[in-house]
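Open the model in your viewer and keep the selection panel at hand. Each stop below names something to select and says what is there.

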Amino acid sequence: MLTDRQRVEAAELLRSAEHGVTPIAPLTEAFPGIDTEDAYEIQLVNIRHRLAAGAEVRGHKVGLSSPVMQRMMGVDEPDYGHLLHDMELRSDVPVTAARYCRPRVEVEVGFVLGDDLPGEGCTPADVLAATERVVPALELIDSRIRDWRITIADTIADNASSAGYVIGEGRDPRELDLKAIDARLTSGGELLAEGRSDAVLGDPAVSVAWLARTVARFGVPLRKGHVVLPGSCTRAVDVAAGATFTAGFSGLGSVSLSFI
């Protein structure tokens, strides 16, 4: 476990890497004793810094929600990060790829909450009852760690490698089978990745319930109006300037994101 001073130092390294678009070596090399508790505290140091500068929490994202990714990272549960207002992207406004270190996009079935979620004991049924709509979503992920050489502690500390997101209109979740939504990512007419919503812990609502229970331990509520990204249905795809990516979902619609 790290000291408070080391946690602040690690947070400053990540913050400088993001602002300077200059990735750093894995934190696990600079701070060999770092664990997941340290990593969440480092994440919170930087979130508090951004909130103090005027940022607002608009939701949360879940990472490592597929068994394949959990095995790769050597963990048995997902991780999470914060979505802030300055991370909101729009389909009609191109994103400057050079703002990011090594960006990628992921395809997700997002949740927009119509009511607060319970914390301890939250169930998938609670999630469905509180969800105003599920939405087509693309998450822009980025790593401030050089060459994506991340461990679980690195990605958690780095706000779960989150950088931005865009969502579409969506539908009432009760109108869909949330475990059977087919997802396709295309660019320039080429199919880049495909998957299904049950790749996310068998049911993306399970991922949202896990998040509500987990953040409640830190006194963090999931509020009405929050966006929750439960994890990717497909593999992540590298971003290139000049590309437009479209995520299409059966029964749910589509959403796009362009880069310059």
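Begin with helix α7: 10 of its 13 residues are buried, so the helix is largely enclosed by the rest of the structure. Buried here means under 20% relative accessible area, exposed means over 50%, and partly exposed is in between (1.4 Å probe, protein chains only). Helices (H or I, at least four residues) and strands (E, at least two) are DSSP runs, numbered from the N terminus.

Before going on, note that this is a predicted model, in which local features need pLDDT of at least 70 and side-chain atom pairs count only at pLDDT 80 or more, while totals for chains, interfaces and linings use all residues. Residues are numbered from 1 along each chain as its sequence is written, and side-chain values use heavy atoms, with hydrogens and water left out.

**Stop 1: helix α7**

Select residues 204-216. At 1.5 Å a residue, these 13 residues should span 18 Å, and the end C-alpha atoms are 19 Å apart, which agrees. The expected span is 1.5 Å times one less than the number of residues in the helix. Now colour the buried residues of α7: P204, A205, S207, V208, A209, W210, L211, A212, T214 and V215. What do the buried residues of α7 pack against? Show β1 (57-63), β2, β3 (104-113), α5 (124-130) and β8 (227-229), and you have the answer.

**Stop 2**

Is A125 buried or exposed? A125 has a relative accessible area of 53%, so it counts as exposed; A209 is among the buried residues of α7.

**Stop 3: helix α3**

Select residues 36-52, which form the 17 residues of helix α3. From first C-alpha to last, α3 reaches 24 Å, close to the 24 Å expected at 1.5 Å a residue. Its buried residues are D38, A39, Y40, I42, Q43, L44, N46 and I47. An α-helix has 3.6 residues a turn, so residues three or four places apart point the same way. To see what the buried residues of α3 pack against, show α1 (4-20), β2 (79-84) and α6.

**Stop 4: M87**

Go to M87, in the loop between β2 and β3. M87 counts as buried because its relative accessibility is 2%. Contact on this tour means heavy atoms within 4.5 Å. Leaving aside neighbours within four places in sequence, M87 is in contact with R50, H82, N159, S162, A163, G164 and Y165.

**Stop 5**

Follow the contact from M87 to N159. N159 lies in the loop between α6 and β5 and is buried, with a relative accessible area of 7%. Its phi is near 55 degrees, a positive value in a residue other than glycine.

S161 is in the loop between α6 (152-157) and β5 (162-167). With a relative accessible area of 3%, S161 is buried. Which residues does S161 touch, not counting those up to four places away in sequence? They are I141, D142, R144, W148, I150 and T155.

**Stop 6**

W148 lies in the loop between β4 (131-141) and α6. It is buried, at 14% relative accessible area, and its phi is near 55 degrees, a positive value in a residue other than glycine.

Next select R102, in the loop between β2 and β3. R102 counts as partly exposed because its relative accessibility is 37%. Apart from neighbours within four places in sequence, R102 is in contact with I141, D142, D147 and W148. R146 is 44 residues from R102 in sequence, with 8.5 Å between their C-alpha atoms.

**Last stop: the whole protein**

The secondary structure comes to 7 helices and 11 strands. Buried residues make up 51% of the 260 residues. Of the contacts between residues at least 6 apart in sequence, 74% join residues at least 24 apart. Along the principal axes, the C-alpha atoms fill a box of roughly 50 × 45 × 35 Å.
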